[in-house]
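Student: I have a two-chain model open here. Can you walk me through how the chains meet?

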Amino acid sequence: VKPEQPSRGVRLLATRCTGASWAVDADSVERIVRRSDWLEQPPLDVASSLALAPLPDALERVLVIHAASGPKALLSRGMLALIELSASDVATVPSIVYGGSTGPVHSVVLEAVGFPVLICDPDSLQATG
Amino acid sequence: MTLSILPLILEGRSIALPAERVLEIIGGQPWVLLPKARKELPGVCAWRGRAIAVLDIAAMSAGLKPLAPGEIRARTVVATVDRVTFAVPVDAVHEVCSVDESRIVPSRLTEQAFARHELPIDDRTVAPLLDLEALLADFSKGPEQ
């Protein structure tokens with residue numbers, strides 16, 4: 001975490017899973033709701049879509065975020081953390097990995113926080129999930 | 001005319017890479033598995049401050065065991081073609097050797113995806129010559145699930 005560079009900073013809301021975290025742009029998060037209080041359409045289970053294993057006894061929350069296509073409800077199963085980084089800590093996934101098209105993970109944090117963070121594109125996640 | 005070749009070793013098997021494509025040879029690198037990526041490009045690793053695609057030759061070679069999540073091979077060859085950079089994890093790398101182009105022949109003794117030619121890299125070993133351009137052209141078509 002490098003909060004000393006806020007002008008070029010990236011803020012991620014990350015859900016810790018086993019071996020890696022998945023994250024979305026923290027500024028896109030509109031609200032966080034306990035899973036048991038969520039009464040609308042079932043949220044997209046991101047860990048399952050990304051084949052990540054949630055931590056044992058993980059808390060379940062629903063993140064309502066603003067995606068390009070509109071609001072999305074994402075299921076977070078794990079420890080939530082706000083991560084503030086320098087933009088240089090975030091690396092774009094090379095397009096060849098997804099055959100030149102958009103994949104569910106558009107960027108990664110490989111070294112800055114001690115564990116890998118997969119930064120998701122919620123629209124692609126839903127399309128490929 | 002001679003071609004400079006970098007012989008790679010993967011599970012005891014030799015595979016040749018044109019040395020002109022090699023940017024760097026580094027040690028084993030941790031890498032991150034990416035969901036929905038094709039099996040030959042299972043993830044990314046860090047190199048010079050950016051993420052580059054991991055190219056798993058074993059995943060496109062009959063009889064070889066693909067990289068398991070978290071598995072790190074002893075050496076990483078960083079290679080490039082058409083401005084796309086790959087990290088190629090291998091078990092070992094031998095010295096670059098020069099091979100007369102007349103000795104590079106259509107594959108007959110070896111069978112390897114994206115290698116239509118083979119060449120002798122010493123008195124006893126014939127290795128397939130990996131064609132990174134063909135590989136890149138194929139992978140650019142789209143993901144294989």
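Tutor: Buried area first: it is the accessible area, taken with a 1.4 Å probe, that two parts lose on being put together, summed over both. Keep in mind that this is a predicted model.

Student: How much do chain A and chain B bury between them?

Tutor: About 1,500 Å², with 75% of that on carbon and sulfur atoms. The contact takes 20 residues from chain A and 24 residues from chain B.

Student: How many salt bridges between chain A and chain B?

Tutor: The count is 0. For polar contact, the count is 1 residue pair, both at pLDDT 80 or more.

Student: OK, the nonpolar core. How many residues are in the largest one?

Tutor: It has 56 residues, and those with the most contacts inside it include A:Trp22, A:Ile96, B:Leu34 and B:Phe86. Leaving aside neighbours within four places in sequence, B:Leu34 is in contact with residues including A:Val97, A:Val108, A:Leu118 and B:Pro42. A second, separate core of 10 residues includes A:Leu12 and A:Phe115.

Student: New topic: what is the strand order in the open sheet of 4 strands?

Tutor: β3-β6-β7-β4, in chain A, with mixed pairing. β3 (29-34) and β4 (44-45) of chain A each have a single partner strand, so one side of each is left without a neighbour in the sheet.

Student: In which sense do β4(A) and β7 of chain A pair?

Tutor: Parallel, over 2 bridges. A:Asp45 has A:Leu75 as its bridge partner in β7(A).

Methods
Residues numbered from 1 in each chain as written. Chains lettered and ligands numbered in written order. Predicted model: local features only at pLDDT ≥ 70, side-chain atom pairs only at ≥ 80, totals over all residues. Heavy atoms only, no water. Pairing = 2+ DSSP bridges. Core = buried A, V, L, I, M, F, W, Y, C linked by side-chain atoms within 4.5 Å. Buried < 20%, exposed > 50% of the residue type's maximum accessible area, 1.4 Å probe, protein only. Contact = heavy atoms within 4.5 Å. Salt bridge = Lys/Arg side-chain N within 4 Å of Asp/Glu carboxyl O. Polar contact = N/O pair within 3.5 Å; in protein donor to acceptor, adjacent residues only side chain to side chain.
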